[in-house]
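Hello,

Here is the structure I promised to hand over. Have a look at it first, and my notes on what turned up follow below.

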Amino acid sequence: MKTPNELKYSKTHEWVRFISETEAEVGLTDYAQDALGDLVFVNLPEIDTTAAKEETICDVESVKAVSDVYAPLSGTVYEVNEELLDAPELINTDPYGAWLFRLNEISDADDLMDADAYAAFCETEAH
Amino acid sequence: MTFKTPLYEEHVALDGRIVDFAGYFLPVQYPTGVIKEHMAVREKAGLFDVSHMGEVTFKGKDALANLNYILTNDYTNLKIGRVRYGEMCYEDGGCVDDLIVYRRGEEDFFVVVNASNRFKDVEWMKAHLKGEVEFEDVSDSYAEIALQGPLSGEILGKYTELPQKYYSFIDTEILGRKVMVSQTGYTGEYGFEIYCAPEDAPLIWRELLKDERVTPCGLGSRDTLRLEASMPLYGHEMDETISPLETGLDFGVKMNKDFIGRDAIAARHNRHRIGIRITGRGIAREHSDVFINDQLIGHTTSGTHCPYLKGAYAMALVNEAYEPGTKVEVDVRGRRIEGEVTALPFYKRER
């Protein structure tokens, strides 16, 4: 399982890449995509949606089930990855390239985990 | 209490994702993934552990009469070596289970039932036995392996003769082990089901997997395959509140004979099973309300993304037999998505 060092992670298995001091992009981790299985549909948030940390922001569907995606930090959605609408499988094949949405006016990012802490967290989840 | 099938260790060795299904530990998928497992069955061959299925036998002078009374179908003219589908109903026409009947002799029948209904079925069958019949639950004496897909005959044919007709079976041997092989399955594809002694199952399983054209498949693809082929599943398209005619299983219901539930089935036919292709964005799952122009017409019973057809499909139980092309809306977690009524089955293999 990959956990790139330059990213931050949430306990609900989203990753965060900080683009600037006020902007970040969010996706699902390698652990999440593996647990979900083959993804077949992504329901992206609308532009200007207010993301509240730890609350549902959008959802993804695997063959088996629908799963909520939680906002790992607060902010406002200013861009969504429309490429995923026709190619949700990119989340499986390239989880850290397949960002879901981008936020600006970000806050509440202090308690996100670094790569080592997240890898250790996944280890406990798996057992 | 959750049971392990005789192939449990094989699933673990193949890194299957194990879940508790109908009281059995079974793999929902292997690392291959549901979509590739599904496509393997449509294009090559997939191997399934279906040892959780229940098996019972009816033997004796009145075995046939018992089956004809307890089940909706008529087995009188079922030839030895052939298989026939049927439902078992309550007096009120609701469904106890659906099953398939193998005729092994004039007075010897082997019946395969759903794992989740096994104990309920056995109780129901026992309670309605009459005349000279020996009934036995032999579920624990059989493992069952399904090899499904266009190449399944060529692959299994390396080891044994094969039953040549759909819904026929033979007694034979694989690797020197006694087996019963039928040309049956639950994928909508050409394929075979192998019944063997539990202790012989790992040997046969491993041997078939030596052929690199064979992909081990889990419960996830078993469900997407049966839904894509529009085969009803107990607990979804059938249950104790749904009559077999409402499910659209007319071919398995013979009204010209006496059987439990007949009068009730004849008297009620208020609902119909239809197919829906989702044309909007999203996936309709089970228990979603279905509307036409804001009028609630029923609910979905199963739904998912169908990998071979590359789209979202659902089956629904609704108030009328709507024509294909009829526009509908399905409520998916508070959001209405568009769909249209589509003829069943969604997928039918070319013969």
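Two residues are in contact here if their C-beta atoms, placed from the backbone, lie within 7 Å. Please keep in mind that this is a predicted model.

With that cut-off in hand, let me begin with L147(B). Leaving aside its neighbours within four places in sequence, L147(B) touches A45(B), L47(B), S152(B), I155(B), L156(B), G191(B), F192(B), I194(B) and L208(B). L147(B) also belongs to the largest nonpolar core, which has 125 residues. Together with I145(B), I194(B) and I276(B), L147(B) is among those with the most contacts inside that core. The largest share of the core comes from β18(B), with seven residues. As general background, nonpolar side chains tend to be buried together in soluble globular proteins.

For contrast, here is L296(B), which sits in strand β17 of chain B. Is L296(B) buried or exposed? It counts as exposed, because L296(B) has 12 C-beta neighbours inside 10 Å. Once neighbours within four places in sequence are set aside, its contacts are D289(B) and F291(B). If you want a sense of scale, L296(B) and T172(B) are 53 Å apart in space, C-alpha to C-alpha, and 124 residues apart in sequence.

Next, the domains of chain B. The assignment gives domain 1 as 3-51 + 142-228, domain 2 as 55-140 and domain 3 as 244-342. Between the C-alpha centres of domain 1 and domain 3 of chain B there are 29 Å. Where these two domains of chain B meet, seven residues of domain 1 are in contact with seven residues of domain 3. On the domain 1 side, the elements that give two or more residues are α2 and α7 of chain B. Of these, α2(B) gives the most, with four residues. By type, the residues on that side of domain 1 of chain B divide into three nonpolar, two polar and two charged.

The buried ones are L219(B), G220(B), S221(B), R222(B), D223(B), T224(B), L225(B), L227(B) and E228(B). What covers them includes β2 (17-21), β3 (24-29), α2 (34-43), β4 (45-49), β17 (295-306) and β18 (311-318) of chain B. After α7(B) comes S230(B), whose phi is positive, near 60°.

Now to chain A, which has four helices and nine strands. Along the sequence their order is β-β-β-α-β-β-β-β-β-α-α-β-α. A compact globule of 127 residues would have a radius of gyration near 14 Å, and chain A agrees with this at 13 Å. Taken along the principal axes, its C-alpha atoms fill a box of roughly 35 × 35 × 20 Å. In chain A, 44% of the 127 residues count as buried. Among the contacts in chain A with a separation of 6 or more, 63% are between residues 24 or more positions apart.

Finally, the contact between the chains takes eight residues from chain A and ten residues from chain B. Strand β4 (residues 39-43) of chain A supplies the largest share of the chain A side, three residues. That side of chain A divides into three nonpolar, two polar and three charged residues.

Enjoy exploring it, and write back with any questions.

Best wishes

How values were computed
Residues are numbered from 1 along each chain as its sequence is written. Chains are lettered from A and ligands numbered from 1 in the order in which they are written. This is a predicted model: local features need pLDDT of at least 70, side-chain atom pairs count only at pLDDT 80 or more; totals for chains, interfaces and linings use all residues. A residue is buried if 20 or more other C-beta atoms lie within 10 Å of its own, exposed if 12 or fewer, and partly exposed in between; C-beta atoms are placed from the backbone. Ala, Val, Leu, Ile, Met, Phe, Trp, Tyr, Cys and Pro count as nonpolar, Asp, Glu, Lys and Arg as charged, and the others, Gly among them, as polar. The radius of gyration is taken over C-alpha atoms; the globule rule is 2.2 Å times the number of residues to the power 0.38. Domain bounds come from an automatic or database domain assignment. A nonpolar core is a set of buried Ala, Val, Leu, Ile, Met, Phe, Trp, Tyr and Cys residues joined through C-beta atoms within 7 Å.
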